[in-house]
Amino acid sequence: MNKQVVKVLLPLRLDEPFDYVAPEVLQPGSVVQVPLGNRKSFGVVWPDSTPCNLPIDRIKPVLAHYDCPAIPQVSLDFVDWASEYTLAPKGLFLRMMIPMEDGLHSNKAIPLYDLYELKGRITPQRQQVVDYLTEHPCRSVEDIEEATSVSRAVINGMIKAELLTIKDFREEACPFQMPDVNQSGPTLNDSQQVAADRLIQRVKDHQFSATLLDGVTGSGKTEVYYEAILEALKQGKQSLVMLPEIALSTQWLQRFEERFGVKPAIWHSELTSAQRRITWRAIVEGKAPVVVGARSALFLPYPKLGLIIVDEEHDGSYKQEEQVIYNARDMAVVRAQIGNLPCVLASATPSLETMINVQTAKYDVLHLESRFGGATMPDVHVVDLRTAKSKKEVSSQKWLAEDLRQALAETVERGEQAMLFLNRRGYAPLTLCSDCGERLKCVNCDSWLVHHQNSTKLQCHHCGYFSSLPNQCPGCEEKDTWVACGPGVERIAEEAQSFLPKARLGILTSDTMNTPKKMAEIIGQIQDHQLDVLVGTQIMAKGYHFPKLTFVGVVDADISLSNGDLRAAEKTYQLLHQVAGRSGRGELPGHVWLQTYSPENPVMQAICKGQRDQFLAIESEERKSHGFPPFGRLISIIISGKHRYDVENAAKALARVFPHNESVQLMGPSPAAIAFLRGHTRWRLLVKSNRRYPLQKFVKSWLSQVELKSNLRLKIDVDPYNFM
């Protein structure tokens, strides 16, 4: 038997593959099991021509070759490129590509359960299971759970109590059906049809292209790119649709099923381990024709990928900030280029980076300039809080101006729906002692604790720390002196309920709507008009379509304009425009009310006058004059650790060995904007260069000159999006 030395990349924080001896010829992409110290690990045979200098009898053997399709070469190339660009180890990208070892095994035999012996007290939930199995004997745990809506814990409890027993097995089947390519969708208007035809041709060309689908809110962008998905299906290709957050998937999935008659494969962090295993296996075997997922779905090993859609391409949620740091929007374009396939970026408020790529002809663009079905864009009303009659009310714990209140009340009285937007969770962002001024801060971070009245707790939104409100002030030891300062969404809801006592109010934030099931419930309530007023944060701005919602009130339009972020104006414009776009998407006209202390700000002027392109031109000139992205390059370096002096000294040591280079500028070192986070001190260095300079190579060489202590962590963020 001819033995072969192969390079195997492991799913660890490693940048190079290890040498192993295989008893058979293994092609690049083969998934194998290998020894690693005193344990075993899976890995992928990697195309690497680096010679092995050890004799073959000293190299450990490959233990097994998994019964799994080989990872496509395009996926291996994508990992190599992404690692080199982000300066993150290849092994961490491999971990995203193969997130569990379970999926590497061939299909499992699923146990089927039936009633065994009814004994003891049968609770109402257990009775539901009994009733179901009486009519439908011999079912899997997943079948029982879906049919009865009882929890997995209840079913497992019945198995443990020997109320249920295994009666048979069945082979696990792929749950994803082929969408109906003959089912017709809605009739498109002229501009939609032109855009759809162009995208269809892109799919037919089987070549790389990047196209911005630039359409106002409610213009039907989704229906347009559905036509491109349809064409990919006809050609036997897989399609990937990326959404910025899990919360967006609920309504999108409803629309997809209505359009194609089946559900797509879903990929996000809330899947169970069994769902992830089944979905991953279907994807790698080419049996999942359409995949919709969050940013991590991009790195899955698609053997027949023919189309990538990035919906709401401007959204900051596409930037992953922990572990492997990358922007999934930009990586999607790279994945399409490596795979020689079309990528569509859809948005009503495209990022400045994307618009510059359109202007320089790197990307194509398709415009949808009017709303679908005859709907019109909403009217925008500005409330200048400096001169409004209700200014005194606002400063005395009333946060909604009188004009906004009246318009809101009239909307509810007409039987229409309304939305109040404030991008601040909880009841109040700060709680202090009225006697001594003591502020309640997080013990792990440089941040105030947010008062959540509904859950009666104080919480840090950076690290998750929470506590109850102390009985007395730790500073002056006085009791009953706590004062809530500033409004959160809970406080706005309380105020709205005070003058709309009969209105049905709901609160929508990432705190309360943190699973697809919870999100589906509240979306159903809005669609069925079980709610009159929805109060929430930016999660409400993300692509939802509620035809009866005609009123949007923005409580504090200025909230994110002064946070020190170079993209602050752009992000604020995008957020306000998207929030405003929830209004008037049906037959009834929409109205938007903006409360602001700076109505003359270019962001507010652009929102009021509908001058997006003029605003982007101003923003572009401002960035260009300072050499900031997209006209320059930035890499952020953050050093963190539990010992302040170690962190500070390491940051200064790095700065001292920074190579002199006229093309590169170092800013810092200095404490990060949040200098104490999750119990760690943080210092930041920011490296800046022109657009064409090979900054990654420079930074990699520079960082290699200083060896950090083992108790310190180095975080490299190429193209930083968050400057906290």
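## Reading the model

Modeller: P669 lies in strand β29, residues 664-677; strands (E, at least two residues) and helices (H or I, at least four) are DSSP runs numbered from the N terminus. This is a predicted model, where local features need pLDDT of at least 70, side-chain atom pairs count only at pLDDT 80 or more, and totals for chains, interfaces and linings use all residues. Residues are numbered from 1 along each chain as its sequence is written, and side-chain values use heavy atoms, with hydrogens and water left out.

Biologist: Is the peptide bond from G668 to P669 cis or trans, and what is its omega?

Modeller: Most peptide bonds are trans. The bond from G668 to P669 is cis, with omega near 10°.

Biologist: At what angle do α3 and α5 pack?

Modeller: Axes are lines fitted to C-alpha atoms, for helices over the stretch in contact, and angles run from 0 to 180 degrees between N-to-C directions. Angles under 35 degrees count as roughly parallel, over 145 as roughly antiparallel, 65 to 115 as roughly perpendicular and the rest as oblique. The axes of α3 (residues 124-135) and α5 (residues 152-160) are 10 Å apart, and the helices pack at about 75°. That makes α3 roughly perpendicular to α5.

Biologist: How many residues of α7 are buried?

Modeller: Buried means under 20% relative accessible area, exposed over 50%, and partly exposed in between (1.4 Å probe, protein chains only). Helix α7 covers residues 221-234 and has 14 residues. It is mostly covered, and the number buried is 13.

Biologist: Is S689 buried or exposed?

Modeller: S689 sits in strand β30, residues 680-690. Leaving aside neighbours within four places in sequence, it is in contact with G632, R633, S663, V664 and L695. Its relative accessible area is 5%, so S689 is buried.

Biologist: What is the phi of E162?

Modeller: Most residues other than glycine have a negative phi. E162 lies in the loop between α5 and β7 (164-171), and it is partly exposed, with a relative accessible area of 44%. Although E162 is not a glycine, its phi is positive, about 60°.

Key. The expected span of a helix is 1.5 Å times one less than its number of residues. Contact means heavy atoms within 4.5 Å.
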